[in-house]
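These are my notebook entries on one structure.

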Amino acid sequence: MTISRQPRAVVLLSGGMDSSVCAALATRDYDAAAVHVSYGQRTEQRERQSFVAVCRRLNIHDRLIVRNEALRAIGGSALTDEGIPVPHSADAGQGVPVTYVPFRNAHFLSVAVSWAEVLGAEKVYIGAVEPDSSGYPDCRPAYYHAFNEVIKVGTKNGRIEVVTPLIAMRKAEIVRLGLELGAPFDLTWSCYSREDKACGVCDSCVLRLRAFQDAGAEDPIPYVQR
């Protein structure tokens, strides 16, 4: 067995466009392990399918799939509560949209940091994006700065760092970067509401389609309407 001499990193991989580009970056520079958190979201099965497929394409062998029961039980989001419809992008309105899952990324990061401690990894990659996003409060740079301060005082050696390489990029820039890296966009899934074909009208679909259009590229996944 060949033992890798590369430093280790953990990447949070939802199976979406941004996290898959982040995973491609992580595998370029580190011996990467990928973690996926299912939390009772509408497209849970489809996202897990994308996670496995992206890991295979990027040759990520160490994988962890965990289930978070708390977020669905708490509710308060159109992604976890069937009683709250997923709005069309044009109807989302101002402010934080109903697709925001309360404090979700803290749950995800806690799992990733715990695993990083066990693996001896000093980086945790997450594909958070602030521009061209839905305006979720847990996707802002200040959030990750604060979380890294918690990690410093709450882990054994305090050296694990959450990194957000895409956070200041526009979506079209992320598409271009992904194409350069060979990110497997054809295996990814971003739709909030469907698992067979992407709806094309939720905020996530619209942002994704616009990004590919602005990048001058064709989005390879199927849509009900573009």
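**Entry 1: the largest pocket.** I found that 11 residues line the largest pocket, and that Arg8, Asp31, Ala32, Asn59 and His61 are the ones nearest its centre. I note the terms here: on a 1 Å grid over the protein atoms alone, a cavity is a set of points where a 1.4 Å probe fits but cannot get out, a pocket is an open set with protein on both sides within 12 Å along at least five of seven lines, and lining residues have an atom within 4 Å of a point. I read a volume of about 170 Å³ for the largest pocket; a volume is the space filled by probe spheres set on the points, with grid points joined across faces, edges and corners. I sorted the lining of the largest pocket into four nonpolar, four polar and three charged residues. In this sorting Ala, Val, Leu, Ile, Met, Phe, Trp, Tyr, Cys and Pro count as nonpolar, Asp, Glu, Lys and Arg as charged, and the others, Gly among them, as polar.

**Entry 2: basis of the values.** I worked on a predicted model, in which local features need pLDDT of at least 70, side-chain atom pairs count only at pLDDT 80 or more, and totals for chains, interfaces and linings use all residues. Residues are numbered from 1 along each chain as its sequence is written, and side-chain values use heavy atoms, with hydrogens and water left out.

**Entry 3: cavities.** I recorded two cavities of 30 Å³ or more. The largest cavity holds about 740 Å³ of space. Its lining has 37 residues, with Ser14, Asp18, Arg104, Gly127 and Tyr192 nearest the centre. Helix 1, strand 2 (31-38), helix 4 (104-119) and helix 7 are the elements that each give two or more residues to this lining. Helices (H or I, at least four residues) and strands (E, at least two) are DSSP runs, numbered from the N terminus. By class, I noted 17 nonpolar, 14 polar and six charged residues in the lining of the largest cavity.

**Entry 4: helix 1 and helix 6.** I found that the axes of helix 1 (residues 17-29) and helix 6 (residues 171-181) come within 10 Å and cross at roughly 45 degrees. Helix 1 is therefore oblique to helix 6. Axes are lines fitted to C-alpha atoms, for helices over the stretch in contact, and angles run from 0 to 180 degrees between N-to-C directions. Angles under 35 degrees count as roughly parallel, over 145 as roughly antiparallel, 65 to 115 as roughly perpendicular and the rest as oblique. The crossing of helix 1 and helix 6 is left-handed (the near helix is turned anticlockwise from the far one by less than a right angle; clockwise would be right-handed). Met17, Asp18, Val21, Ala24, Leu25 and Arg28 of helix 1 meet Lys171, Ile174, Val175, Leu177, Gly178 and Leu181 of helix 6, where contact means heavy atoms within 4.5 Å. I counted eight nonpolar, one polar and three charged residues in this contact.

**Entry 5: helix 6 and helix 7.** Helix 6 packs on helix 7 (residues 203-214) at an angle of about 65 degrees, with the axes 8 Å apart. Lys171, Ala172, Val175 and Arg176 of helix 6 and Leu207, Ala211, Phe212 and Asp214 of helix 7 make the contact. I sorted these residues into five nonpolar, no polar and three charged. Helix 6 passes helix 7 in a right-handed crossing.

**Entry 6: Pro87.** I located Pro87 in the loop between helix 3 (70-74) and helix 4. Leaving aside neighbours within four places in sequence, Pro87 is in contact with Val98, Thr99, Val201, Cys202 and Asp203.
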